[in-house]
Amino acid sequence: MDGTGRIGRLMTMRAQPGRGSELADALLRVAEGLRGFPGCELYLVSQDRSASDTVRVTEVWADEAAAQAALAAPAADPTGPSVADVLAMLAGPPERVDVVPLGGVGAADTGR
């Protein structure tokens, strides 16, 4: 990727045993804070049906700058979870896969 244009991320996070629902709830609060954030096109939180301590986030951003701005911005809800709060719930580092969004249902079509 050249740093311009639309970007996507597929994040997989494994919570400490028994904390999957807590992690999912925290990430849903993060998602609520991103509602209306410039450049955030999709922030979908999903919990694995067969492994409830595994939570996935699918992100689509207008560009890398928008994604970085969201990370650097003060929390919309100062009582909401911080990055450190989320990381403290994890059993290990999150897994990240960078993708190029091409379109589909639920995200604006790129016109391809």
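Colleague: What gives the largest share of the lining of the second largest pocket?

Modeller: That share, six residues, comes from β2, a strand, meaning a DSSP run of E with at least two residues, numbered from the N terminus, as are helices (H or I, at least four residues). β2 spans 40–47, and α1 also supplies at least two residues of this lining. The model is predicted: local features need pLDDT of at least 70, side-chain atom pairs count only at pLDDT 80 or more, and totals for chains, interfaces and linings use all residues. Residues are numbered from 1 along each chain as its sequence is written, and side-chain values use heavy atoms, with hydrogens and water left out.

Colleague: What makes a residue part of the lining of a pocket?

Modeller: A lining residue has an atom within 4 Å of a point of the pocket, which is an open set of points on a 1 Å grid over the protein atoms alone, where a 1.4 Å probe fits, with protein on both sides within 12 Å along at least five of seven lines. Among those lining the second largest pocket are L28, R35, C40 and Y43.

Colleague: How do you know how much space lies in the largest pocket?

Modeller: Grid points are joined across faces, edges and corners, and the volume is the space filled by probe spheres set on the points. For the largest pocket this gives about 820 Å³. Of its 30 lining residues, the closest to the centre are V30, Y43, A70, L71 and V83. α1 gives the most to this lining, with six residues.

Colleague: Why are A66, A67 and A70 of α2 called buried?

Modeller: Buried means under 20% relative accessible area, exposed over 50%, and partly exposed in between (1.4 Å probe, protein chains only). A66, A67 and A70 fall in the buried class. Seen down the axis of α2, the buried residues lie within an arc of 100°, taken from the directions from the helix axis to the C-beta atoms, so they line one face of the helix. On the other side of α2, A65, L71 and A72 are exposed.

Colleague: What makes the link between D48 and R56 a polar contact?

Modeller: A polar contact is a pair of N or O atoms within 3.5 Å; within protein, one must be able to donate a hydrogen and the other to accept it, and residues adjacent in sequence count only if both atoms are side-chain atoms. The side chains of D48 and R56 make such a contact at 2.9 Å. D48 is found in the loop between β2 and β3.
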